[in-house]
Each structure stands twice: as structure tokens, then as C-alpha cells.
Amino acid sequence: MTDHFSDTLRAASEPNWTRAVEHRFVSELYTGSVNDRVMAFYLIQDHRFLDSFLTLLGAAIATCDTFDARLRFGQFAGMVSGEENTYFLRAFDHLGVTDKDRAETPDTAPTTGFQSIMREAAETRSYAAILAVLNVAEGLYYDWAMRAPKPLPESFVHAEWITLHDSPAFAQFVAFLRAELDRVGPTTPDIARDFFLRAVSLELEFFDAVY
Ligand SMILES: Cc1ncc(CN)c(N)n1
């Protein structure tokens with residue numbers, strides 16, 4: 001059996017990948033028992049993640065080498081800017097998080113770390129580096145979301161955060177990202193590996209930082 005480049009990177013990222021996917025935050029999300037204060041803090045941080053993530057998607061649109069890939073990234077950027085952003089705004093409203101709360105909450109170190117790795121990947125203009133970070137951000141979230149036991153928790157704040165990351169459209173996008181990394185990553189394996197491993201560490205630290 002041929003090893004896929006994406007699988008090799010994922011294996012190299014252990015044990016951090018599995019520690020992130022099986023994190024306390026994820027287990028509590030499955031049962032709808034994430035404390036409201038913890039959920040609010042996580043979502044405030046993650047809404048900032050979304051901002052730099054869109055920059056990274058923009059860089060993917062600019063650097064990818066096929067029209068098909070450009071269309072997929074464009075469609076995904078539309079979903080993130082629409083449906084996903086609206087989820088955050090509804091969740092803030094539901095949890096009583098005001099604009100003032102959001103403005104006065106400082107970035108955690110992993111939030112800053114994500115902002116800088118995404119800016120760094122975008123600035124390399126290396127499609128492989130950009131794909132490495134996107135594969136972690138979306139692949140790792142899909143990996144825990146697809147394992148969520150049914151029925152999903154009652155609160156939309158918990159349930160929709162799961163469904164946003166395991167819908168059929170999201171699964172297809174993750175499969176596309178993997179195929180692109182398998183195709184392009186081996187041309188600059190060290191760069192792809194470096195960005196991939198750093199992004200997995202940040203995912204774990206991001207969950208740790210909300211407790
Ligand atoms: C930190 C983080 N990593 C990944 C995702 C999935 N887009 C997210 N929302 N936040």
C-alpha cells in the first residue's frame with residue numbers, strides 16, 4: 001500500500017493530534033456540558049481565528065494551480081463568511097456575550113500563534129505550506145466532529161459547532177484538502193511538514209487555553 005503524504009504528516013504529529021481530537025473540550029461538547037463561560041471564551045478566541053483563517057483561504061485562492069481548486073476555496077470562503085460567522089453571532093447573543101466582552105478579552109497565546117502561523121503561511125506564497133495549515137485546521141476538526149455520538153446535544157451552541165464540522169459538504173472539502181496536500185506537499189516536504197506539525201501543536205494548545 002502506498003503511503004499518502006497527508007497520512008505521513010498526521011502520523012508524525014502524534015501524540016498531539018490524538019490529544020487534540022480527544023480533548024476534554026471535545027468530550028464536553030459531545031455531551032453538551034461545556035460550561036457557558038468556557039464556551040463563550042472559546043468562541044471569542046475562535047472568532048478571531050476565523051478572521052486570519054479567511055486570510056489564509058484568500059492566499060490559497062491566490063496560489064493554487066487549478067481553476068477547480070480556486071472555485072472550491074472560493075465556495076468554502078463563502079460558507080465561512082456566511083453560515084459559520086452567523087453561528088458565532090447567534091451563539092454570542094445566546095450566551096450573553098456583548099461587544100464589550102469581546103473587545104475586552106485579550107488574545108490567548110495560541111490565538112496569537114494561529115494568527116501568526118496563518119499570516120506566515122500566506123506570506124510564503126507556498127501552496128504546500130498553506131495546504132498544510134488548512135489540512136490541520138479542517139482535518140483535525142472533522143476528525144473529532146465525525147466521532148460525535150448521536151443524538152447531538154440539545155443546545156444549538158454545542159450541536160451546531162459539531163454539525164458545521166461534519167456536514168457532507170465539509171467532509172468533501174476535507175477530502176479535497178487531503179488530495180491536494182498529497183499531490184503538492186511532496187514537492188516541498190520539509191516546508192509542509194514544518195507547518196503541519198506546528199499547526200497541530202497550536203490546535204492542542206488552543207483547547208488547553210480555554211480551561
Ligand atoms: C482553532 C481552530 N481550528 C480549526 C477550526 C476549524 N475551522 C476552528 N474553528 N478553530
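Author: Begin with two terms: contact means heavy atoms within 4.5 Å, and helices (H or I, at least four residues) and strands (E, at least two) are DSSP runs, numbered from the N terminus. This is a predicted model, in which local features need pLDDT of at least 70, side-chain atom pairs count only at pLDDT 80 or more, and totals for chains, interfaces and linings use all residues. Residues are numbered from 1 along each chain as its sequence is written, and side-chain values use heavy atoms, with hydrogens and water left out.

Reader: Which residues of helix α9 are buried, and what covers them?

Author: Buried means under 20% relative accessible area, exposed over 50%, and partly exposed in between (1.4 Å probe, protein chains only). In α9, residues 156-163, the buried ones are Val-157, His-158, Ala-159, Trp-161 and Ile-162. Their cover includes α3 (24-30), α4 (36-63), α5 (67-95) and α8 (127-145).

Reader: Which side chain reaches the backbone at the start of α9?

Author: A polar contact is a pair of N or O atoms within 3.5 Å; within protein, one must be able to donate a hydrogen and the other to accept it, and residues adjacent in sequence count only if both atoms are side-chain atoms. Here a side-chain oxygen of Ser-155 comes to within 3.1 Å of the backbone nitrogen of Val-157.

Reader: How are two packed helices described?

Author: By the angle between their axes and the distance between the axes. Axes are lines fitted to C-alpha atoms, for helices over the stretch in contact, and angles run from 0 to 180 degrees between N-to-C directions. Angles under 35 degrees count as roughly parallel, over 145 as roughly antiparallel, 65 to 115 as roughly perpendicular and the rest as oblique. For α7 (residues 109-124) and α11 (residues 189-208), the axes come within 9 Å and cross at roughly 160°, so the two helices are roughly antiparallel to each other.

Reader: Is the crossing of α7 and α11 left-handed or right-handed, and which residues meet there?

Author: A crossing is left-handed if the near helix is turned anticlockwise from the far one by less than a right angle, and right-handed if clockwise. This one is left-handed. Residues of α7 including Phe-114 and Ile-117 meet residues of α11 including Phe-195 and Leu-202. The contact of α7 with α11 divides into 8 nonpolar, 3 polar and 4 charged residues, where Ala, Val, Leu, Ile, Met, Phe, Trp, Tyr, Cys and Pro count as nonpolar, Asp, Glu, Lys and Arg as charged, and the others, Gly among them, as polar.

Reader: How do α7 and α8 cross?

Author: Their axes come within 7 Å and cross at roughly 150°, which makes α7 roughly antiparallel to α8. The contact is made by Met-118, Ala-121, Ala-122 and Thr-124 of α7 with Ala-129, Ile-130 and Val-133 of α8. By class, the contact of α7 with α8 has 6 nonpolar, 1 polar and no charged residues.
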